[in-house]
Amino acid sequence: APCAECSCSSGKETEKDTSNTKKKENGDRLFIPKIFFGTRTHKQISQITRELKRTAFSSVPMTILSSRDYTCIHPVVSNSGSNRNEMCVELLEGKHGKSCLYYHGVHKLCEHHALQSAHGIYRAWDIEDLVSLGKKLRACAYFAARELMVGADIVFCPYNYLLDPQIRESMEINLKGQVVILDEAHNIEDCARESVSYSVTESQLRAAREELDSMVNNHIRQKDHEALRAVCCSLT
């Protein structure tokens, strides 16, 4: 039977605002937690959203956080290979006198989903769906997905978006008081290790050691750099 505490008791969605709170009868604000659903790969997110479409919760506001590798639609940046993030930042900062037309169209995607939800035709979607709509509306799917997180009840993302503190900060993810679901959680240990690991080549170590030698010889924070130089020497 429908429970008295949630929106299913009234047979319709409870009205929400962008801060993920709702008003109590006495005027106070009640915090509504989001569900953060973490998976190992982007392919698994596609599987989860496909199953969500088949449930009674298909109309629940959602979003999918993903990298620019999957969501960038800028014709130059998306075909640039490994430096998409750097090129995107340069466009946003207008370093070369150019800006990103698609970034300025983010509101088109957000308004589209808001209208769908308001008219009761909102359905669960996948990354490919958002990218396809972004191309049609000439709007950035990457930043639109982040904007949609504000009003979303369910947020899908890879593990590292939840485990890596730097990614959490850059994506403005606050897990305090939220619901976190980790699919296939036996993979968490490997993901956690990857989040705090870094790979370097021998040539990079030698270059770092030469720079540290210069710092020490010029008496620039000598104590700090001597310790780092010792680490580089031991590794090489």
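Me: What makes Y103 count as partly exposed?
Reply: In this predicted model, Y103 has a relative accessibility of 35%. Buried requires under 20% and exposed over 50%, so a value in between is called partly exposed.

Me: Why is F143 called buried?
Reply: The relative accessible area of F143 is 14%, and the cut-off for buried is under 20%. F143 is therefore buried.

Me: Why is the pair of Y103 and F143 called edge-to-face?
Reply: The ring centres of Y103 and F143 lie 4.9 Å apart, and pairing requires centres within 6.5 Å. Their planes stand at 80°; angles over 60 degrees count as edge-to-face, so the term applies. This pair links distant parts of the chain, with Y103 in the loop between α3 and α4 and F143 in helix α6, 40 residues apart.

Me: What makes Y142 and F143 an edge-to-face pair?
Reply: For Y142 and F143 the centre-to-centre distance is 4.9 Å and the angle between the planes is 85°. Y103, Y142 and F143 form one aromatic cluster.

Me: Is Y142 buried or exposed?
Reply: Y142 has 8% relative accessibility; buried means under 20%, so the residue is classed as buried.

Note on methods:
Residues numbered from 1 in each chain as written. Predicted model: local features only at pLDDT ≥ 70, side-chain atom pairs only at ≥ 80, totals over all residues. Heavy atoms only, no water. Phe/Tyr/Trp six-rings, centres within 6.5 Å; stacked < 30°, edge-to-face > 60°. Helix = DSSP H or I, 4+ residues; strand = E, 2+ residues; numbered from the N terminus. Buried < 20%, exposed > 50% of the residue type's maximum accessible area, 1.4 Å probe, protein only.
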